[in-house]
Amino acid sequence: MPLPLPLYLLALAVFAMGTSEFMLAGLLPDLARDLGVSVGAAGALTSAFAVGMVIGAPLMAVLARGRSGRSGLLGFVLVFLAAHVAGALTSSFGVLLASRVVAALANAGFLALALTTAIAMVPADRTARALAVLLGGTTVATVVGVPGGALLGAHAGWRAAFWAVAVLCVPAALGILRGVPAAEPSPEGPSLRAEFGVLREPGLARVLVLAALVNAATFGSFTFLAPVVTGPAGLTSSWVSAALMLFGAGSFAGVTAAGRLGDRHAGRVLAVGGPLLLVGWVALAALADRPAVLPALLFVQGALSFAVGGTLIARILYEAAGAPALAGAYATAALNVGAVVGPLLAATVLGRPTGPFLLSAGLVAAALAFAAVSGSRQR
């Protein structure tokens, strides 16, 4: 039985938003030069987006509570589109920074609502597959969108990349308008206080911490792949895009596999994938100076990272079933806490080129230890 078409329309919007979130890494020098700021100052655009995602997930979910899925999703996409038009037109760094915060809030709200909308579209035994389609938009962004944005920016300027993201939002908005059901949700449901109270549940708190740790490990190393490729591996800078694409291709394969296995075998995916993820980060740190091995390891780590991470997202939504309006926000916030903290921690160990890989190994080891201890206490 095929999955509903609206899921793929939501994934298109997630692809556009994921491209926007990650594409600045290749645009900062050109952008900084054009707006008359330092590259370091321009880097605040990335931090502002990430922080906006963390804060925006619960805030936007609360604002969208009680609205239909279609109206909320459409509103977030249109705000995201408008923020990118404003960013493409402005010559003020302050306005651009504000537009990134607005875009992040819209992205967070959209993803939080899209997660809960996606699982409402399918039977309970197909939840993981539905989430895999949705998160596939993010992984495809790392494979196609981010390198494409960097290439477009290099040839047509950073503003062209912003315009491209805005254009991608148009078919996504039309698809949501025509494909997502307009029916209003039932007014009956848990109070807002009760939905926040779900956070006190040990099972939910446990999986939120695990998701944040695994995602911190993923983005801590993903953010700093370039120094490894051009340093220990001894490859030219032209290989950086290839390395990012390999990791992204692996992430797409991993989230797809998790979607097929997660509904019936989530425990096995986590029990097997978690230790393998730890071994993989250690192997990358040890073998980073071997260019013949590095590409295969990057693909495998991308697959393992997103297989485990995608399964944890499904577990968050399951554990937060008592908070139907905020469950997606909890998942979004946990993942973006990892996306913020991971690179910040990795930046402190760059004195050693393979430091981010060792840090990622440590974060996964901490997740495994926490899972073992907290699981024992719950039993």
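Predicted model: local features only at pLDDT ≥ 70, side-chain atom pairs only at ≥ 80, totals over all residues.
Arg159 belongs to helix α8 (residues 158–179) and Asp34 to helix α2 (residues 28–35), so the pair ties together parts that lie 125 residues apart in sequence. Arg159 is partly exposed as well, its relative accessible area being 23%.

The structure holds 2 salt bridges, and the other partners are Arg315 and Glu319, whose closest N and O atoms are 3.5 Å apart. Here both residues sit in helix α13 (residues 294–319), separated by 4 residues, or about one turn of the helix. Arg315 has a relative accessibility of 28% and counts as partly exposed; Glu319, at 29%, is likewise partly exposed.

Attention now turns to a pair of helices. The axes of α1 (residues 5–23) and α5 (residues 69–89) come within 12 Å and cross at roughly 30°. Because angles under 35 degrees count as roughly parallel, α1 is described as roughly parallel to α5. The crossing of these two helices is left-handed. On the α1 side, Leu10, Ala13, Ala16, Met17 and Ser20 take part in the contact, and they meet Leu73, Val77, Phe80 and His84 of α5. By residue class, the contact of α1 with α5 divides into 7 nonpolar and 2 polar residues, with no charged ones.

How values were computed. Residues numbered from 1 in each chain as written. Heavy atoms only, no water. Axes fitted to C-alpha atoms, helices over the stretch in contact; angles between N-to-C directions. Parallel < 35°, antiparallel > 145°, perpendicular 65-115°, else oblique. Left-handed = near helix turned anticlockwise from the far one by under 90°. Contact = heavy atoms within 4.5 Å. Nonpolar A, V, L, I, M, F, W, Y, C, P; charged D, E, K, R; others polar. Salt bridge = Lys/Arg side-chain N within 4 Å of Asp/Glu carboxyl O. Buried < 20%, exposed > 50% of the residue type's maximum accessible area, 1.4 Å probe, protein only.
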